Amino acid sequence: MSVPRVSMEDSRIVHGVGAGASLVIALALVTVALAQASPLLPVALTFRLGGPGVFASVDLALAAAVVMIVAALARLAIALPGVGGRRVTVVGARMLELSQTSAITVFLVAQLNGVVEAGTLILVYAIAASAIGVLWMHSRAPQPAQRSAWPYSLGAAVAVVPWGIVALYQIAGLLSPTPAPALVRVLTIVLLVLAAAAWAVERLVHRGQLDRARAELAHVIIQVGTGIALVLLVVGLARPSALLP
């Protein structure tokens, strides 16, 4: 399948800009981590008869930086000459990016909303990542089959499970003496909306209502929005006075 030269050049510019924006956001997050101002999120193992309890912690800023670095690397890979015109390669890179960025993001959101058990966190990550695999397999089907709604619906049903776990903890947390900060509750919803938008973009592509070039531009906007939300979380939790009176 040939792609017009102008379309390929425009696509490379979009991917280059997206990679640059993601790297800038990642650099800001790494700077916060190096200044040791980033919140540390606990990971615990507990058993019915007791257990080690908290045994590790996740640096919020560094983990968020990984999300943006993965996005930047995917963009740079797609922007390479000879890659941008290969639809299979572009879609594969996009699905790999979505699987990892969405999985790590929901992992962090779950921690911020009170999930500390390692087993639950691993399941949240694995389910979020595997749900994107359904989209990837769907995208490799013949064009008429891609318009079928059931694979997309199945993937969406799987993808919403981690967010359902987050919602359960967030609602239960409101009844506890120490609920999640308002900033966390608000940006959790923002990140959920952005995640849903990424799925909506892919559905429009599969239905033939949106071409891949415009879809990639939409994904850049969604990813930058996700990065900004993560920066607000890191800065707001590290220095609440910077964002909240």
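Guide: Gladly, and please keep in mind that this is a predicted model. We can begin with helix α2, residues 60–79, whose 20 residues should span 28 Å at 1.5 Å a residue; the end C-alpha atoms of α2 are 29 Å apart, which agrees.

Visitor: What makes Asp59 a cap of the N-terminal end of α2?

Guide: A side-chain oxygen of Asp59 lies 3.0 Å from the backbone nitrogen of Ala61, and because a polar contact requires N or O atoms within 3.5 Å, this pair qualifies.

Visitor: How do you know what span is expected of α7?

Guide: Helix α7 has 25 residues, and at 1.5 Å a residue the expected value is 36 Å, while from its first C-alpha to its last α7 reaches 37 Å, which is close. After α7 comes Gly208, with a positive phi near 80°.

Visitor: Why are α7 and α8 called roughly antiparallel?

Guide: Helix α7, residues 182–206, packs with α8 at an angle of about 170°, their axes being 10 Å apart. Angles over 145 degrees count as roughly antiparallel, and α7 and α8 are therefore described in that way. The residues of their contact divide into 18 nonpolar, 4 polar and 2 charged.

Visitor: How many cavities of 30 Å³ or more are there, and which residues line the largest cavity?

Guide: The count comes to 1 cavity of 30 Å³ or more, and the largest cavity has a volume of about 30 Å³. Its lining consists of Gly18, Ser22, Ala71, Arg75, Glu97, Val220, Gln223 and Val224.

Visitor: Which helix supplies the largest share of that lining?

Guide: The largest share, 3 residues, comes from α8, although α1 (5–34), α2 and α8 (212–238) each supply at least two residues. By class, the lining has 3 nonpolar, 3 polar and 2 charged residues.

Methods
Residues are numbered from 1 along each chain as its sequence is written. This is a predicted model: local features need pLDDT of at least 70, side-chain atom pairs count only at pLDDT 80 or more; totals for chains, interfaces and linings use all residues. Side-chain values use heavy atoms; hydrogens and water are left out. Helices (H or I, at least four residues) and strands (E, at least two) are DSSP runs, numbered from the N terminus. The expected span of a helix is 1.5 Å times one less than its number of residues. A polar contact is a pair of N or O atoms within 3.5 Å; within protein, one must be able to donate a hydrogen and the other to accept it, and residues adjacent in sequence count only if both atoms are side-chain atoms. On a 1 Å grid over the protein atoms alone, a cavity is a set of points where a 1.4 Å probe fits but cannot get out, and a pocket is an open set with protein on both sides within 12 Å along at least five of seven lines; lining residues have an atom within 4 Å of a point. Grid points are joined across faces, edges and corners, and a volume is the space filled by probe spheres set on the points. Ala, Val, Leu, Ile, Met, Phe, Trp, Tyr, Cys and Pro count as nonpolar, Asp, Glu, Lys and Arg as charged, and the others, Gly among them, as polar. Axes are lines fitted to C-alpha atoms, for helices over the stretch in contact, and angles run from 0 to 180 degrees between N-to-C directions. Angles under 35 degrees count as roughly parallel, over 145 as roughly antiparallel, 65 to 115 as roughly perpendicular and the rest as oblique.
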